[in-house]
Amino acid sequence: PPSEDLEESEEEAPKAKSKSKEEEEKKSNKKGKKNEKAKPKPPSEDLEESEEEAPKAKSKSKEEEEKKSNKKGKKNEKAKPKPPSEDLEESEEEAPKEKSKSKKLPPKAPEKVEEEKKPKKGNKKTKPTQNQSRFSALDDEDDDAGSAGSQQGMDYEKQVASMKKATAAEDDFSVSQAELSSRQAMLENASDIKLEKFSISAHGKELFVNADLLVVAGRRYGLVGPNGKGKTTLLKHIANRALNIPPNIDVLLCEQEVIADDTPAVQAVLKADTKRLKLLEQEKKLQARLEKGDDSAAERLEKVYDELRATGAASAEAKARRILAGLSFTPEMQDRETRRFSGGWRMRVSLARALFMEPTLLMLDEPTNHLDLNAVIWLNNYLQGWKKTLLVVSHDQGFLDDVCTDIMHLDQQKLFYYRGNYMTFKKMYQQKQKEMLKQYEKQEKKLKDLKAGGKSSKQAVKQTKDALTRKQQKCQKKNDADDAHDPAELLKRPKEYTVKFTFPNPPSLSPPILGLHGVDFGYSGQKPLFRNLEFGIDMDSRICIVGPNGVGKSTLLLLLTGKLTPTKGEMRKNHRLKIGFFNQQYADQLTMEETATEYLQRNFNLPYQDARKCLGRFGLESHAHTIQICKLSGGQKARVVFAELCCREPDVLILEESFAFYFIFFL
């Protein structure tokens, strides 16, 4: 009732007047004419108006006040005094009734106050007392805000996940990963990578299912696994940050050769350091300003010099040349334009750039493929002293033994981790396979005994699964694990990765089989590679050609196959001789739009099943038989080429870097 408001407002009026006057003076200076019209009245005016209306209100509200005073006595004694702001709000609520009678105020102001007042009236009708209504309203608002915030956060995460999924789908890939836990969110600035339960599929096949990626800073990991299982795909997803990599970790994947243009090799390496280039550009501009008499540039120039010294800019070119020299670039080759290099040499320039940049996480995919023996030895020694994190995919067992401190094994769509080099991993893996085989045999014996005891196959399987589930739950309690595991499945027999294939035996041919006689050859503008070369093979020859890069190993093979013509001398061969040739550019021999099965059917008129059997003998998985060749991995394409060579029934096989992409267990 108005009488209660009058009593409260009269008690607080002296304090409210002094504060409200200061606030009104400040607001009046800031606000314009529009705000002056809608400006709330100061407490003094409210008090005057309420005093005028008080006699009328008192006569009407005495009876109600006497009834309510008996009920509210205790509550009002305990209630805390209200701050001036609340009194102002209450006096403003009563004001519209009095303003409608008085003609002193402009006509628009009461409408605005009434608009503000309407929602408050609605709230009052549904809530018993003012104090309770205020606290309950605050609680409701907090609850609504919290639920809205959590819902908004969930919607945002769903949007990000859907965007990533849509982007990946364009490239025929899809990625999913568990949401960041609160602990992981706190570790965004950590130097380690810890991703739990991520999945990746490519071309409709699942490559990773609920796998965990654990990379500790400063360790050197070797990623191994059969061809086509997703090693290169994982590296690309890390490099593209399709997975949740901590933002403070800079990642570099060396996979593409440098652009062929007029840039010298050493400059192509130096240009990778964009920060250094920007500082050098600033240095030039600041020096030009100093020469014109602008002394204000001196301080900034000194800071630029400090940053250049901190980044080691003075020794950058020497470092780049040292890396190129280690990768078998001569001084003349280091200053040669990249367009004058083959694809293999441009790949070496790309590798040199990656080593020069020294990212926090360096990822190398088959780095030894295009290197000669001396370059492999140099890279081996260089990476042994690598201080940052390294993740390398390689099929060179010696390289993995020397470089890696840990092995990451891709098996059964998950990643398994082993401390030590490849040799240590191989021993531990073989032991693990033996233990799994024992467990499988034990499970099969139990199933057999249950069936012999009168159980049906279904009952025996169910009972065995239940026993495995109980064992799993027991281990979970022992380890205090919080994550709930899926129901246990029966163990499967461990499969050994074995590939057995043979080339058909050729018919005997009379000599000469294949040879070069009195051959001279050299590329235009370069020193001759061969002079008066004599070389020949017969049906029993097993020849390995070794030597440093640039001496003509690949050229010799091209001369033997007739792809190059000698400048002097001749190549002789048996007229019935069929040559099977495999080189580093093997993919050029394939039709990328066809599937592997269609490719063999078209070239050799094979039935569908025979074509698939041939591919299967060379270790190409069945799902890859019906995928376009352009979507196969490097190792899978190599298998298609070997299947083609087998179908050609060659008399002589000429192989160049033939095992670069083959999984070690295959060899």
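**Figure 1. Surroundings of Arg 419 in the predicted model.** Leaving out residues up to four places away in sequence, Arg 419 touches Arg 219, Thr 405, Asp 406, Thr 424 and Met 428. The model shown here and in the other views is a predicted one. Arg 419 belongs to strand 9, which covers residues 414-419. With a relative accessibility of 56%, Arg 419 counts as exposed, since exposed means over 50%. The side chain of Arg 419 is joined to that of Asp 406 by a polar contact of 3.1 Å. Arg 419 and Tyr 221 are separated by 198 residues in sequence, yet their C-alpha atoms are 9.4 Å apart in space.

**Figure 2. The chain as a whole.** The chain has 22 helices and 14 strands. Of its 667 residues, 35% are buried. Among contacts in the chain with a separation of 6 or more, 66% are between residues 24 or more positions apart.

**Figure 3. Helix 14 and its covering elements.** Helix 14 spans residues 343-357, a run of 15 residues. From first C-alpha to last, helix 14 reaches 21 Å, close to the 21 Å expected at 1.5 Å a residue. Because 12 of its 15 residues are buried, helix 14 is largely enclosed by the rest of the structure. The buried residues include Gly 344, Trp 345, Arg 346, Met 347 and Phe 356. Just after helix 14, Glu 358 takes a positive phi of about 50°.

**Figure 4. Packing of helix 14 on helix 15.** Helix 14 contributes Arg 348, Leu 351 and Leu 355 to the contact, while helix 15 contributes Ala 375, Trp 378, Leu 379, Tyr 382 and Leu 383. The crossing of helix 14 and helix 15 is left-handed. In an α-helix there are 3.6 residues a turn, so residues three or four places apart point the same way.

**Figure 5. Ser 350 within helix 14.** Ser 350 lies in helix 14. A relative accessible area of 10% places Ser 350 among the buried residues, because buried means under 20%. When residues up to four places away in sequence are not counted, Ser 350 touches Cys 254, Gln 256, Glu 257 and Val 258.

**Figure 6. Thr 464 in helix 18.** Helix 18 is formed by residues 457-478 and holds Thr 464. Thr 464 has a relative accessible area of 4% and is buried. A polar atom of the Thr 464 side chain lies 2.7 Å from the backbone oxygen of Ala 460. Aside from neighbours within four places in sequence, Thr 464 is in contact with Gln 443, Leu 447, Leu 450 and Leu 490. Thr 464 and Leu 490 are 26 residues apart in sequence, with 7.7 Å between their C-alpha atoms.

**Figure 7. Helix 22 and its covering elements.** Helix 22 consists of 15 residues, 634-648. The distance from its first C-alpha to its last is 22 Å, close to the 21 Å expected at 1.5 Å a residue. Helix 22 is mostly covered, with 12 of its 15 residues buried. Among the buried residues are Gly 635, Val 640, Val 641, Phe 642, Leu 645 and Cys 646. The covering elements include strand 13 (579-582), helix 20 (596-604), helix 21 (608-617) and strand 14 (652-655). Just after helix 22, Glu 649 takes a positive phi of about 50°.

Figure 8. Most residues other than glycine have a negative phi, and most peptide bonds are trans. Lys 197, although not a glycine, has a positive phi of about 55°. Lys 197 is found in strand 2 (residues 193-202) and is partly exposed, with a relative accessible area of 40%. Ser 328 has a positive phi near 75°. The loop between helix 12 and helix 13 contains Ser 328, which is partly exposed at a relative accessible area of 22%. Pro 511 and Pro 512 are joined by a cis peptide bond, with omega about 0°. Pro 512 is found in the loop between helix 18 and strand 10 (514-521).

Conventions:
Residues are numbered from 1 along each chain as its sequence is written. This is a predicted model: local features need pLDDT of at least 70, side-chain atom pairs count only at pLDDT 80 or more; totals for chains, interfaces and linings use all residues. Side-chain values use heavy atoms; hydrogens and water are left out. Helices (H or I, at least four residues) and strands (E, at least two) are DSSP runs, numbered from the N terminus. The expected span of a helix is 1.5 Å times one less than its number of residues. Buried means under 20% relative accessible area, exposed over 50%, partly exposed in between (1.4 Å probe, protein chains only). Contact means heavy atoms within 4.5 Å. A polar contact is a pair of N or O atoms within 3.5 Å; within protein, one must be able to donate a hydrogen and the other to accept it, and residues adjacent in sequence count only if both atoms are side-chain atoms. A crossing is left-handed if the near helix is turned anticlockwise from the far one by less than a right angle, and right-handed if clockwise.
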